[in-house]
Amino acid sequence: MTKKELPMKIGMENDPVENFDREQERAIAAAVQAQFGKGDLREALRRVDRLAERRLEMNEKISRICA
């Protein structure tokens, strides 16, 4: 392979679904910690609920697109 034919760099793509999954995992972890006295449980549960609603909206949009 010559210098001009360098292999493509494989990097992490910005995947919105994967980012959303990580955000949801962090929210659940915060809720678990809050349950044991390390944070505001109400706010943590609200965040988990908002993310669950967003997930449902995303799934509905995808279902309509694929139908």
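Good morning. Please keep in mind that the structure shown is a predicted model.

Is Gln24 buried or exposed? Its relative accessibility is 18%, and buried means under 20%, so Gln24 counts as buried. Leaving aside residues up to four places away in sequence, Gln24 touches Leu51, Ala52 and Arg55.

Let us now turn to the two helices. The chain has two helices and zero strands. Helix H1 covers residues 16–35, and helix H2 covers residues 41–66. Their axes come within 8 Å and cross at roughly 155°. How are they oriented to each other? Angles over 145 degrees count as roughly antiparallel, and H1 and H2 are therefore roughly antiparallel. The crossing of H1 past H2 is left-handed.

Which residues form this contact?

Finally, I consider the chain as a whole. It has 67 residues, of which 12% count as buried; Gln24 is one of the buried residues. Among contacts between residues at least 6 apart in sequence, 47% join residues at least 24 apart. The chain exposes about 6300 Å², and carbon and sulfur atoms supply 56% of that area. Thank you for your attention.

Technical notes:
Residues numbered from 1 in each chain as written. Predicted model: local features only at pLDDT ≥ 70, side-chain atom pairs only at ≥ 80, totals over all residues. Heavy atoms only, no water. Helix = DSSP H or I, 4+ residues; strand = E, 2+ residues; numbered from the N terminus. Buried < 20%, exposed > 50% of the residue type's maximum accessible area, 1.4 Å probe, protein only. Contact = heavy atoms within 4.5 Å. Areas by Shrake-Rupley, 256 points an atom, 1.4 Å probe, with all protein chains shown as cover. Axes fitted to C-alpha atoms, helices over the stretch in contact; angles between N-to-C directions. Parallel < 35°, antiparallel > 145°, perpendicular 65-115°, else oblique. Left-handed = near helix turned anticlockwise from the far one by under 90°.
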